[in-house]
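Here is my note for your first read of this entry. Keep the structure open beside it and find each residue as you go.

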Amino acid sequence: MTTTLTRAARRRPPSTTPPPRRRRTSWWPYLLIAPTVLATGFLLLYPLARNVLISVQEFGLPQLVRGDARFVGLANYAGVLGDPEFWAVVRRTLVFTAINVVLIMVLSTSVALLLVRLGKWARLLVMSGLVLVWATPVIAATTVFQWLFQSRLGVVNWALVELGFDGYRDYAWFADGPATFAILVALIVWQSVPFAALSLYAAMVTIPSDLYEAARMDGAGAWRVFSAITFPVLRAMFGLITCLEVIWVVKAFVQIWVISQGGPGRATTTLPVYAFQVAQSLQRYDLGAAVSMLMVLLLVLALLAYFRQMYRQEELS
């Protein structure tokens with residue numbers, strides 16, 4: 001029997017199925033996206049490389065005209081780091097960033113939780129308002145805040161006087177350092193909350209409702225539900241938005257420059273404003289480039305430390 005099967009197998013015609021052909025690698029997708037990638041890389045990397053080059057050269061107005069900048073190594077960085085005013089600006093920037101980011105995250109989380117609980121039409125109305133705020137140009141929003149806090153014709157002074165606070169009649173908000181600082185915080189928080197709130201809301205609606213129902217059946221309150229379910233599930237999303245808001249606040253320049261140009265005094269001078277003042281007012285573009293590179297370095301180090309802490313918490317959980 002075995003011999004018969006063997007002979008039949010030998011007489012069986014060979015398979016006509018062709019061997020699998022090697023799949024050719026198509027370069028068309030890479031060629032199609034190459035112009036976009038190259039243009040993006042040029043627009044991002046060239047300014048950074050140029051800024052690094054200027055920061056290690058003696059580059060003022062004469063060098064800009066003649067084009068004979070000479071290499072000075074890290075002398076510009078040493079000059080900036082040895083200036084006490086630079087460290088005062090760094091501390092002010094850290095305080096400014098911390099206050100803004102905390103307020104943005106607290107208010108954004110509250111608005112996102114509110115959107116989850118609202119009905120269809122109320123949610124649509126609130127989301128439309130958030131989108132309109134988000135779409136408002138920075139210059140336009142800054143100008144509106146200038147009008148609101150104008151000393152004689154401002155709505156804020158008028159409302160405070162009507163409420164009985166006569167001390168705010170013709171009060172010059174922008175002549176007082178802490179008051180200007182507070183106005184800038186309110187402006188940046190107002191501009192930042194819509195993006196963070198909508199992003200958090202989009203993430204919250206992906207959490208299965210069964211988790212919330214089980215927690216409520218166990219008698220968990222609102223805070224317990226948020227701390228035990230919402231925040232742990234969306235920890236990565238909270239971390240991402242926090243990092244984006246840190247970057248947004250640190251690099252805020254237009255709002256500060258339009259309202260106060262870093263004043264009164266130095267009350268609202270942050271690192272971007274300080275770099276611009278050094279480069280334009282003193283015409284020391286090399287020192288301005290060094291300040292901007294140090295700002296980028298400090299921001300990268302802060303974000304790396306934050307990501308490392310998040311990674312450790314993820315491992316522990």
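**Notes on side chains and backbone**

1. Start with Tyr30. Its relative accessible area is 52%, so Tyr30 is exposed, since the cut-off for that word is over 50%. Tyr30 belongs to helix H2, which covers residues 28–55. Bear in mind throughout that this is a predicted model.

2. Next, the rings. A search of the whole structure gives 20 aromatic pairs. One of them joins Trp27 and Tyr30, with 5.8 Å from centre to centre and 55 degrees between the planes. That pair is tilted. Trp27 is exposed too, because its relative accessibility of 59% is over 50%.

3. Now look at Phe86 and Trp87. Their ring centres are 5.2 Å apart and their planes stand at 75 degrees. The pair is edge-to-face because 75 degrees is over the 60-degree cut-off. Is Phe86 buried or exposed? Phe86 is buried, because 1% relative accessibility is under 20%. Trp87 has a relative accessible area of 37% and is partly exposed.

4. Phe145, Phe149, Tyr168, Tyr171, Trp173 and Trp190 form one aromatic cluster. Elsewhere, Lys120 lies over the face of Trp121, 5.4 Å from the ring centre.

5. How many salt bridges are there? The count is five. One of them pairs Arg70 with Glu58, and the closest N and O atoms are 2.7 Å apart. Arg70 sits in strand S2 (residues 70–71) and Glu58 in strand S1 (residues 57–58), so this bridge ties together parts 12 residues apart in sequence. Glu58 is partly exposed, at 29% relative accessibility.

6. Arg66 and Asp68 also meet through their side chains in a salt bridge, at 3.0 Å from N to O. Arg66 is exposed, with a relative accessible area of 55%. Asp68, at 40% relative accessibility, is partly exposed.

7. Glu85 and Arg266 form another salt bridge, with 2.9 Å between the closest N and O atoms. This pair links distant parts of the chain, 181 residues apart. Glu85 is in helix H5 (residues 84–117), while Arg266 is in the loop between H13 and H14. Both ends are partly exposed: Glu85 at 29% relative accessibility, and Arg266 with a relative accessible area of 37%.

8. Where is Pro264 found? Pro264 is in the loop between helix H13 (254–259) and helix H14 (271–281). A cis peptide bond joins Gly263 to Pro264, with omega about -5 degrees. Gln261 is found in the loop between H13 and H14 as well. Gln261 is not a glycine, yet its phi is positive, at about 55 degrees. Its relative accessible area is 45%, so Gln261 is partly exposed.

9. Finish with Asp170. This residue is found in the loop between helix H8 (155–162) and helix H9 (177–204). Asp170 counts as partly exposed, because 46% relative accessibility falls between the 20% and 50% cut-offs.

Technical notes. Residues are numbered from 1 along each chain as its sequence is written. This is a predicted model: local features need pLDDT of at least 70, side-chain atom pairs count only at pLDDT 80 or more; totals for chains, interfaces and linings use all residues. Side-chain values use heavy atoms; hydrogens and water are left out. Rings of Phe, Tyr and Trp (its six-membered ring) pair if their centres lie within 6.5 Å; planes under 30 degrees apart count as stacked, over 60 as edge-to-face and the rest as tilted. Buried means under 20% relative accessible area, exposed over 50%, partly exposed in between (1.4 Å probe, protein chains only). A charge sits over a ring if NZ of Lys or CZ of Arg is within 6 Å of the ring centre and within 35 degrees of the ring normal. Helices (H or I, at least four residues) and strands (E, at least two) are DSSP runs, numbered from the N terminus. A salt bridge is a side-chain nitrogen of Lys or Arg within 4 Å of a carboxyl oxygen of Asp or Glu.
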